[in-house]
Amino acid sequence: MAATIVRSPKLSVSLPTPESTTSNLPSLNQSFFTPLPKRRRCISIYACTADDQSNSAFGGEIKKGQAIELNKVNDENPYEFNAKDSPNPLPRPLTSADLSNMASEGSRLRVAYQGVRGAYSESAAEKAYPNCEAVPCEQFDTAFEAAERWLVDRAVLPIENSLGGSIHRNYDLLLRHRLHIVGEVKLAIRHCLLANNGVKIEDLKRVLSHPQALAQCENTLTKLGLVREAVDDTAGAAKYIAFSKLKDAGAVASLAASRIYGLNVLAQDIQDDSDNVTRFLMLAREPIIPRTDKPFKTSVVFSLDEGPGVLFKALAVFAMRNINLTKIESRPLQKQALKVLEDSVDGFPKYFPYLFYVDFEASMADQRAQNALGHLKEFATFLRVLGSYPSDSGIA
């Protein structure tokens, strides 16, 4: 059946610009760069370990033409984030006075997530940081910006789902913002069919939820003959039908959302596949120190020149050192996709440039990881470590 799009009501609050939130931000990746000619800078991958050996971790001086920071190549920076007032602000933004009060009162850790109260992302934030103050954000961009501008201490955002695949927007935002991955958390997604008090399943004509949630409950919703309507998030759907007092509509959302918005649970675990797990990333302004006494995972992003076997060669640097890859994702190299090449035909490029995101099971404190990335850096046109962090082996 055709789905229609509706939007749940949003708050209209301006995101503040506290004094010195941007101008006094520490240069988080300053230690990652050393000058090179022609506006190019080189990445020292092991700098995040803050170890004295980091200067020689890859065997001495880096030569011109090796891995370069992509957003430093051109004057027109394709990944430069224009820090304007956000069109999708935090529902309850902090002020500079709030920040000083937090320091003096020893307040709980503030953790940004996308959605409204009752969202699965809120549950992930609370699992990642127990007893934290979860701060809802309307969009992924807002959560990144809030953490980067010191309005919150951390951000917890989804990156992939076992059924729906990758959340591409967050891959792009990882490169655009200067935040570090400091951990991961996996959350089992258990969908419920919710409705207002007194409403029965046979009264429902339509159901609202996030597009992925609707897709994950396709079989159940088809059997019930319900028209599916996509909204921004699952908890937002529950909030909308509760506040609107709808009698002919239900929502696919979490059990927590039913309690928050006073809705009845008409059916539980309505997802088609019980193995429905979402992986979330924990983001911070500063990296953590890698260790080898517990399982660690490292996330990197790189780009390569065009040519036969180049990607094979890049992945081989991990295989030859017995490093297991747990994820590989490709994303278009924005603002360069229509770059005309010398051998292009009719003004169109022969190929489109891509970035490759890779997760592998090794800590940056592991010599194998250092050697692998040192090898990759010899022929990659761009390389950046997004974070080295403890693996999450449990699912809640």
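**Core and charged pairs**

Author: Leaving aside residues up to four places away in sequence, Leu174 touches Phe144, Ile159, Ile181, Leu281, Leu283, Arg384 and Leu386, where a contact means heavy atoms within 4.5 Å. This is a predicted model, in which local features need pLDDT of at least 70 and side-chain atom pairs count only at pLDDT 80 or more, while totals for chains, interfaces and linings use all residues. Residues are numbered from 1 along each chain as its sequence is written, and side-chain values use heavy atoms, with hydrogens and water left out.

Leu174 and Leu283 touch the most other members of the largest nonpolar core, which has 29 residues; such a core is a set of buried Ala, Val, Leu, Ile, Met, Phe, Trp, Tyr and Cys residues joined through side-chain atoms within 4.5 Å. Two or more residues of this core come from each of β5 (133-137), α3, β6 (154-161), α4, β14, β17 and β18 (382-390) (helices, H or I with at least four residues, and strands, E with at least two, are DSSP runs numbered from the N terminus). Helix α3 gives the most to this core, with five residues. Another core, of 21 residues, lies apart from it and includes Phe302, Leu304, Ala362 and Met364.

Strand β17 is mostly covered, since six of its seven residues are buried (buried means under 20% relative accessible area, exposed over 50%, and partly exposed in between, with a 1.4 Å probe and protein chains only). It pairs with strand β15 (residues 296-303) in the antiparallel sense over six bridges, pairing being called when DSSP finds at least two bridges between two strands. In that context, Ser299 stands opposite Asp359 in β17. Strands β16 and β17 also run antiparallel, joined by seven bridges, and Leu325 has Phe360 of β17 as its bridge partner.

Turning to the charged pairs, Asp359 forms a salt bridge with Arg279 through their side chains (3.1 Å, N to O), a salt bridge being a side-chain nitrogen of Lys or Arg within 4 Å of a carboxyl oxygen of Asp or Glu. Because Asp359 lies in strand β17 (residues 354-360) and Arg279 in strand β14 (residues 277-284), the pair ties together parts that are 80 residues apart in sequence. Asp359 counts as buried at 7% relative accessibility, and Arg279 counts as buried at 6%. Both residues belong to a network of salt bridges that links Glu160, Glu184, Arg279, Lys297, Lys327, Glu329 and Asp359.

Helix α4 takes part in two further pairs. In one, the side chains of Arg331 and Asp172 meet in a salt bridge (2.8 Å, N to O); as Arg331 lies in strand β16 (residues 325-332) and Asp172 in helix α4, this pair ties together parts that are 159 residues apart in sequence. Arg331 is buried at 16% relative accessibility, and Asp172 is buried at 12%. In the other, Asp141 and Arg169 form a salt bridge (2.3 Å, N to O), linking distant parts of the chain, with Asp141 in helix α3 (residues 140-148) and Arg169 in helix α4 (residues 168-176), 28 residues apart. Here Asp141, at 22% relative accessibility, counts as partly exposed, and Arg169, at 32%, counts as partly exposed too.

As for the whole, the structure holds 18 salt bridges, and the chain comes to 10 helices and 18 strands. Of its 396 residues, 50% count as buried.
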